[in-house]
Amino acid sequence: QLQLVESGGGLVQPGGSLRLSCVASGFTLDEYPIVWFRQAPGKEREGVSCISNSGGYIKYADSVKGRFTISRDNAKNTVYLQMNSLKPEDTAVYYCAGEREGQWIVGSLNYNDYAYGSIWGQGIQVTVSS
């Protein structure tokens, strides 16, 4: 079974940091570009960042640019999202999604491009609050 599993979420104070991990099981992650999404209560799912399967292409949403860093270690079948200078508005459930390289719309952070046929994790809560 093809799975992605997120970890590393939790409660952090404003200005703090967290590192999320997205681990693949049942398949080799180096064939898949990965996208991080987030969804806050009552809001649409928002694309945060994406990385190509090689790691050579990276894109960030304007809302997190300069604060978040995406990276991957294909040998560990893992993609990371380092989140610094966290704000209360970063509070959301964070998801990672994988799309086969040949089907990836390069750089897309649009949920509709991943809603069908992509591999999704179950999500992990990140709460930024004092």
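A residue counts as buried under 20% relative accessible area, as exposed over 50%, and as partly exposed in between (1.4 Å probe, protein chains only). In this predicted model, 45% of the 130 residues of the protein are buried. Local features need pLDDT of at least 70, side-chain atom pairs count only at pLDDT 80 or more, and totals for chains, interfaces and linings use all residues. Numbering starts from 1 along each chain as its sequence is written, and side-chain values use heavy atoms, with hydrogens and water left out.

The protein contains 11 strands and 0 helices. Strands are DSSP runs of E with at least two residues, helices runs of H or I with at least four, numbered from the N terminus. The radius of gyration, taken over C-alpha atoms, is 14 Å, close to the 14 Å of the globule rule for 130 residues, so the protein is as compact as a globular protein of that length. The rule is 2.2 Å times the number of residues to the power 0.38. The C-alpha atoms fill a box of roughly 40 × 30 × 25 Å along the principal axes.

A nonpolar core is a set of buried Ala, Val, Leu, Ile, Met, Phe, Trp, Tyr and Cys residues joined through side-chain atoms within 4.5 Å. The largest one has 29 residues. Its members L4, W36, L81, M83 and Y94 touch the most other members. Strand 3 (18-25) gives the largest share, 4 residues. A second, separate core of 9 residues includes C50, A61, W104 and Y114.

Contact means heavy atoms within 4.5 Å. Beyond its neighbours within four places in sequence, M83 contacts G16, S17, L18, L20, R67, F68, Y94 and V126.
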